[in-house]
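Subject: Structure for your review

Dear colleague,

I am passing on the structure below, and my notes on it follow. Please read them alongside the coordinates and tell me where you would look further.

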Amino acid sequence: APQLNKTGYESAAELESDNAFMQQLESIRIKAGAMMGLGDVTKKVIPKPILVSPATQGGTINVRYFMPQKCHGALAVT
């Protein structure tokens, strides 16, 4: 998260409304998909980006999960 100028504790709405951030995240997702051998992922739902930040209330890490152009309200376990 800090590498993308985020704390990781922004609300889903705050993250989604930051167009520059969402475009940057999408760019990373597309490059990651190619590096993973998935080809052109622009119209796919994988890979799903995760914003990682330090935990502040116990635990080890804090994450925000994207699917991919929308921040999920929870963490999918599928």
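D18 and K6 form a salt bridge in which the closest N and O atoms are 2.5 Å apart, the term being used here for a side-chain nitrogen of Lys or Arg within 4 Å of a carboxyl oxygen of Asp or Glu. The pair links distant parts of the chain, with D18 in the loop between helix 1 and helix 2 and K6 in the segment before helix 1, 12 residues apart. D18 is partly exposed, at a relative accessible area of 25%, whereas K6 is buried, at 14%; buried stands for under 20% relative accessible area, exposed for over 50% and partly exposed for what lies in between, computed with a 1.4 Å probe on protein chains only.

Before going on, please note that this is a predicted model, in which local features need pLDDT of at least 70 and side-chain atom pairs count only at pLDDT 80 or more, while totals for chains, interfaces and linings use all residues. Residues are numbered from 1 along each chain as its sequence is written, and side-chain values use heavy atoms, with hydrogens and water left out. Helices (H or I, at least four residues) and strands (E, at least two) are DSSP runs, numbered from the N terminus.

The structure holds three salt bridges. Another of them joins E16 to K70, with the closest N and O atoms 3.6 Å apart. This pair, too, links distant parts of the chain, since E16 is in helix 1 and K70 is in the segment after strand 2, 54 residues apart. E16 counts as partly exposed at 25% relative accessibility, and K70 is partly exposed as well, with a relative accessible area of 44%.

The side chains of E26 and R29 also meet in a salt bridge, at 2.8 Å from N to O. Both residues lie in helix 2, three residues apart, which is about one turn of the helix. E26 counts as buried because its relative accessibility is 17%, and R29 is buried with a relative accessible area of 3%. Leaving aside neighbours within four places in sequence, R29 is in contact (heavy atoms within 4.5 Å) with V41, T42, K44, V45, I46, P47, P49, P68 and Q69.

On the surface, I50, V52 and I61 form a nonpolar patch with about 260 Å² of accessible area together. Patches are made of residues with over 30% relative accessible area and no salt bridge, like charges being joined within 9 Å and nonpolar side chains (Val, Leu, Ile, Met, Phe, Trp, Tyr) within 5 Å, and the areas come from the Shrake-Rupley method with a 1.4 Å probe, only the protein chains shown counting as cover for residues. I61 lies in strand 2 (residues 61-65) and is exposed, with a relative accessible area of 54%.
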